[in-house]
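I have a structure open and a notebook next to it. Here is what I looked up, in the order I got to it.

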Amino acid sequence: MKNSGQSKKIFQLVLLILAGGSIYPLVYLRQNFEATILQVFDMSNAELANLYSMLGIIFVVGYLPSGWLADKFPTKYMITFSLALTALTGLFYAQIPDKSTLVFVFLVWGFASVFTFWSALLKAVNLLAEKNEEGRFFGALDGGRGVVEAALATVAVAIFAVFVGDNGSNLTDTTAGFQAVVYMYCGVLIVLSVVLFFVLSSDEKMAAEVSQAEPTESTFSAVRRILKIREVWVLMFALFCGYTLFWAYYYFSGYLTTNHGVTPVAAGVVTVVVMWMRPIGGFGGGYLADKLGKSRVLSAAMLISVIGLIALALMPGGTAIGLVYVMVVLVGLFVYVIRGVYWSLLEDCRVPVAATGIAIGLISLVGYLPDIVLPQISAAIYTAYGDDVAGANNVYFLITAGVGLVGAIAAGYFAVLVRRRKTAEAEQPAVLETAAGI
């Protein structure tokens, strides 16, 4: 019976990984098909950038409401609704409507992929995992998402190539290929929404039983209660710093081509290799977190990433390119360890089950602020350095390393807080026994 229950949990986790890895690639088709989107919709880079800027704002604004919704409605319904709504909107997108309507498409996608999805997904994984499994489950979530995204992107590119062939400049074939890609992603989301609707159920009942045993409180009271937990504040800070380290990935290609004269093709190959570090870092980091301690592994991964970024920033132009490649891939690996581990610390925050969603929303609100803050910092650095792009890259890496070092300290402090609490809890029964004269 135990093995059967564990197999069911793993099956549900796999479905959640598929959901998390399938919903965002459709929303972010720009990553692989930016030129195609511009051509098919006859729009400029600035117009497309505005759509994604709006999407980023929706994401940040949506984290807290996302947590509230995840506590008010079963995660099964939230996740299936999000997948279905994203797919249906994608079907409209595939009809190549006038570009003036795309603002509504992205508004719906922002709502479906954050407001009703993000906190529900993390809460569902949190409910599935036992206390000694959180590192592996959250590591599997991030690493698995990377595998799913890479696999779907490979299929999408293959489908597109079949339609376009050697006629890349032919608008009709390009449009047909793009539509086929969108249909593929929509089909995957629809199938997953149906399967999850029928499979993701038992743990929701368990969560409902636990939450009924807890006192009912208003959203404001829940927020106030969560914000009194010191570990929550430390996790917010650690997540902010860890996500800042992840942002270094977006600058690897420019760093390689500018600072070390690597060809764009070679830089692209290296960054793709870094992408494949995600499943290794996610699964491996999660396993180590459960064996060695979640906050310890997080702190160590941050510290190694910091050292790697400092080394990259200080490497002169004539450095052996093989060494540069190794350092870039190494930093990428440990950045993905960070991403695979930091959400597993949530259980150690002792957040009430009934307020888990709100806690995820609050932590996400602060933790993912780099999406808004870092582009502004980056723009200021590159503006200040003008034509010295290589120098700007180095400064950006050093600033990122500084933030990461603070994050490593925060993760270490989290471990101290958890150890102190466990020590106090262990000593409490002895004190009560002494007081009772036992």
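**Entry 1: the core**

I began with the inside of this predicted model. The largest nonpolar core holds 136 residues, and those with the most contacts inside it are Leu29, Ile79, Tyr93, Phe178, Leu312, Trp343 and Phe397. I then picked Leu29 and asked what it touches beyond four places in sequence. My list came to Glu34, Ile37, Tyr52, Tyr93, Phe178, Val181, Val182 and Tyr185. Two names there, Tyr93 and Phe178, were already on my list of core residues with the most contacts. In soluble globular proteins, nonpolar side chains tend to be buried together.

**Entry 2: a nonpolar patch outside**

Next I went to the surface. Tyr77, Ile190, Val194, Phe197 and Phe198 make up a nonpolar patch there, and together they have about 490 Å² of accessible area. Which helix gives the largest share of the patch? Helix H8, residues 171-199, supplies four residues. Ile190 sits in helix H8, and I noted it as partly exposed because its relative accessibility is 35%.

I checked the confidence before going on. The average pLDDT of the chain is 85, and 91% of the residues score at least 70. Residues 202-206 stay under 50, and the model gives them ten contacts beyond four places in sequence. Residues 208-213 are also below 50, with two contacts beyond near neighbours in sequence.

**Entry 3: salt bridges**

I searched the whole structure and got eight salt bridges. Side chains of opposite charge can pair when their charged atoms come close.

I looked at Asp142 and Arg278 to start with: their closest N and O atoms are 3.2 Å apart. This pair links distant parts of the chain, since Asp142 is in helix H7 (residues 134-164) and Arg278 is in helix H14 (residues 277-292), 136 residues apart. Both Asp142 and Arg278 are buried.

Glu149 also forms a salt bridge with Arg278, with the closest N and O atoms 3.3 Å apart. Glu149 is in helix H7 and Arg278 in helix H14, so this pair ties together parts that are 129 residues apart in sequence. Why does Arg278 count as buried? Its relative accessible area is 7%, and buried means under 20%. I also wrote down the network of salt bridges that links Asp142, Glu149, Arg278 and Arg339.

Then I moved to another pair. Asp348 and Lys294 meet through their side chains in a salt bridge, at 3.4 Å from N to O. Asp348 is in the loop between helix H16 (321-341) and helix H17 (356-367), while Lys294 is in helix H15 (residues 294-314), so the pair ties together parts that are 54 residues apart in sequence. Asp348 and Lys294 are both buried.

Arg145 is in helix H7, and it counts as buried because its relative accessibility is 9%. What does Arg145 contact, leaving aside neighbours within four places in sequence? I found Ile17, Gly20, Gly21, Tyr24, Trp118, Ala140, Arg278 and Arg339. Arg278 and Arg339 belong to the salt-bridge network from my last entry.

For Leu127 I went to helix H6, residues 118-128. Leu127 is buried, because its relative accessibility is 11%. The C-alpha atoms of Leu127 and Gly261 are separated by 48 Å, and the two are 134 residues apart along the chain.

**Entry 4: Asn394**

Asn394 is in helix H19, residues 389-435. Buried or partly exposed? Asn394 counts as buried, because its relative accessibility is 17% and the cut-off is 20%. Beyond four places in sequence, Asn394 touches Tyr255, Asn259, Leu312 and Ala313. Leu312 is one of the core residues from my opening entry.

**Entry 5: positive phi**

Last, backbone angles. Most residues other than glycine have a negative phi. Ile96 has a positive phi, near 55°, and lies in the loop between helix H4 (75-93) and helix H5 (102-115). Arg350 also has a positive phi near 55°, and its place is the loop between H16 and H17. Arg350 is partly exposed, because its relative accessible area is 43%.

Note on methods. Residues are numbered from 1 along each chain as its sequence is written. This is a predicted model: local features need pLDDT of at least 70, side-chain atom pairs count only at pLDDT 80 or more; totals for chains, interfaces and linings use all residues. Side-chain values use heavy atoms; hydrogens and water are left out. Patches are made of residues with over 30% relative accessible area and no salt bridge: like charges are joined within 9 Å, nonpolar side chains (Val, Leu, Ile, Met, Phe, Trp, Tyr) within 5 Å. Accessible areas come from the Shrake-Rupley method with a 1.4 Å probe; for residues, only the protein chains shown count as cover. A salt bridge is a side-chain nitrogen of Lys or Arg within 4 Å of a carboxyl oxygen of Asp or Glu. Helices (H or I, at least four residues) and strands (E, at least two) are DSSP runs, numbered from the N terminus. Buried means under 20% relative accessible area, exposed over 50%, partly exposed in between (1.4 Å probe, protein chains only). A nonpolar core is a set of buried Ala, Val, Leu, Ile, Met, Phe, Trp, Tyr and Cys residues joined through side-chain atoms within 4.5 Å. Contact means heavy atoms within 4.5 Å. pLDDT is the predictor's confidence in each residue, from 0 to 100.
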